[in-house]
Amino acid sequence: MSTVNLTTENDIAFITINNPPINATSHSVRQGIVDALDEIEGDSSIKVVILICAGKTFIAGADVSEFGQPPKDPILPDVIKRLESTTKPVIAAIHGHALGGGLEIALGCHYRIAESGAKLGLPEVNLGLIPGAGGTVRLPRLVPVRDAIAMITGGKPVSADKANAIGLIDAIAHGPLRDAALDFARTIINRPRPLELRRCPPVDAPDDHQWDEIIAGVGKKARGQIAPVIAAQAIRIGIEQDTAVGLVHEREKFVELRDSDQSKALRHIFFAERSVAKFPELDGAAPNPINEVGVIGGGIMGAGIATASLLAGFKATIIERNEDACTHGRATVEKHLSGSLKRGLITQDRFDNLLASLSTSTDYADLGTADLVVEAVFEDMAVKHDVFGKLSKHCKPDAVLASNTSYLDINEIAAKCTNPQRVIGLHFFSPAHIMKLLEVVRTDRANAASLATAFAFARKLGKIAVPCGVCDGFIGNRIMSAYRKHCEYMLEDGALPHQIDDAMVEFGFPMGLFAMQDMAGLEISWATRKRLAPFRDPAERYVALGDYLCEMDRLGKKNGLGWYRYDENGKAHPDPDVDALVIAESDKKGITRRNFDTKEIMSIILDAMRSEGDKILAEGIAMSPDAIDVVMVNGYGFPRHEGGPMFMTQK
Ligand code: NAD
């Protein structure tokens, strides 16, 4: 069967695209559409054309196997021009996703109708690109300019409801899509074919002043990523100049960006995220079915993990130390779910059902039917041993038992369990129901079934799961500890906290290391340092500034003082008292302070990340440099458009 098929039903033609899995705009699809249109033009009995897709989705993007190859005619912009200049009206019938080139094809049609669950978007900026087949020119001729800008520069798809509200589609299909498209075709069959979007005026047009504001706003949000700003400028050119000029400009910029470092970096991380969880031991390993999830501890992490489990459709039981803690855990989950309700992500019905799927208890015997349990109690080995002892006693022998520990040795935890081969680490990031990253820690004795179950669980949770081995801090926290040490050295050697943070923000991190520490609270790492003090190598350089701050009761943002001073609105300001403390420490240690510029600061930080990354790879903790990049980008704010610390070394 070819990828494009033409059939007719009386005076209506169906062009059906069948190019699984995503009906990508491969060469055969592009050629097939043009051939079908040629045939349709020659058949005077055909009055209306419906462009529809077989399988799970409408056209959801480009063919990745054609990436990096010379373009083969007909190229997509020409196919779309051909489509829109067809003398007969074409209706795009959309189900699943209409993304990128898929939505651009739909914009080349004269009408669009979509199933209620469909999503429509131009996500090119996520790969460092802009739409390259007329999206920036046609979309603002169909929907208000600000909506077009939001869709193109933000890269997020919109729902069918939103698409309908802004005029992106003409109708929502009720009932089977094909029937709805036929019904719709009957309503327009005698109307003159609408003008191509390319020839329509924009829906509205911002004035110069508004454009300046819009583009500045896009730039601020993009934080160093170039494609969103170039996309906004392309939209402006497409509106203010002749559309032919707009289309040429858009294509030029698309081609230019395709070869840019940022696009290469974004494509790298996109593919790395999709391949990082594939490794040989998982081949053919069957995951255990999961219905019920147990969570030990209903604190910050436990409540987040329970929320994520509920949202993924599992029943969840939180085990806590006493009734008060149970109530607190349930209230935290309820607060998280209310957040989803308020943002319209779940309905009131779903909210009620999710809460009804949550149990809390102080009795481990209630985990007798749990398929997977995540422990998130205090970071203390004795407490963890006690918990896993109880889990060994009360859980099914094949229930997967996971620890969310940040630093403790999970092999040691596993050693004291019955069936240690089912003990693994699931290291979530805070807030656990929101953050995408999950480190799946492979203990020495973990078997393939437990690992497969963990990855299947992660997939259901919508997480990016990265396999890693057991070590102090796994991949992410270990790299963070390494570069934090070098940041602290820089403080003593001449830099100030805000200079280091500014350099990181300029590089593209959402915030610098010291601001982040203030946000997390300084006392937690202080407690860890005190715990580890007896084991510290006396020959190793130790920076005590963080300890001094805690001793002065400067515990971070929550009490208004930390590395920074916080005003009543929670805004951070460099604090001369901290600067003085830092300088005094250098004096005390006899260090002559020197200047660090932004470039040097970042180069020290990146070198520290890479050299720890190399060690992690050599030890087999991370399975590939890609795994390290995925962790740093998704868990630690490393700018996506730089691709990750390991990718940067390959450039
Ligand atoms: P937390 O103090 O907020 O919560 C711990 C909860 O465990 C408390 O509610 C406590 O009552 C409960 N608890 C303690 N002992 C228990 C027991 N024997 N049985 C049942 N419940 C018990 O701590 P948290 O921040 O949620 O951290 C939990 C774990 O997650 C730690 O191992 C931590 O290292 C790890 N972690 C934390 C973060 C983070 O950002 N907070 C991130 C990743 C991992």
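Colleague: Before we look at helix pairs, how are axes and their angles defined here?
Modeller: Happy to start there, with the reminder that this is a predicted model. Axes are lines fitted to C-alpha atoms, for helices over the stretch in contact. Angles run from 0 to 180 degrees, taken between N-to-C directions.

Colleague: At what angle do helix 18 and helix 24 pack?
Modeller: Helix 18 covers residues 476-493 and helix 24 covers residues 598-618. Their crossing is right-handed. The axes lie 9 Å apart, and the packing angle is about 145 degrees.

Colleague: Which class supplies 11 residues to the contact of helix 18 with helix 24?
Modeller: From helix 18, the residues taking part include Ile479, Ala482, Tyr483 and Met490. Helix 24 answers with residues including Ile601, Ile604, Ala608 and Met609. By class there are 2 polar and 3 charged residues, and the 11 are nonpolar.

Colleague: Are helix 18 and helix 25 roughly parallel or roughly perpendicular?
Modeller: Helix 25 spans residues 625-635, and its axis comes within 10 Å of that of helix 18. The two cross at roughly 75 degrees. Angles from 65 to 115 degrees fall in one class, so this pair is roughly perpendicular.

Colleague: Which residues of helix 18 meet helix 25?
Modeller: On the helix 25 side, the partners are Ile628, Val631 and Met632. The contact has 5 nonpolar residues, 1 polar and no charged.

Colleague: How many of the 18 residues of helix 18 are buried?
Modeller: Buried means under 20% relative accessible area. Helix 18 is largely enclosed by the rest of the structure, because the buried residues number 13.

Technical notes:
Residues are numbered from 1 along each chain as its sequence is written. This is a predicted model: local features need pLDDT of at least 70, side-chain atom pairs count only at pLDDT 80 or more; totals for chains, interfaces and linings use all residues. Side-chain values use heavy atoms; hydrogens and water are left out. Helices (H or I, at least four residues) and strands (E, at least two) are DSSP runs, numbered from the N terminus. A crossing is left-handed if the near helix is turned anticlockwise from the far one by less than a right angle, and right-handed if clockwise. Contact means heavy atoms within 4.5 Å. Ala, Val, Leu, Ile, Met, Phe, Trp, Tyr, Cys and Pro count as nonpolar, Asp, Glu, Lys and Arg as charged, and the others, Gly among them, as polar. Buried means under 20% relative accessible area, exposed over 50%, partly exposed in between (1.4 Å probe, protein chains only). Angles under 35 degrees count as roughly parallel, over 145 as roughly antiparallel, 65 to 115 as roughly perpendicular and the rest as oblique.
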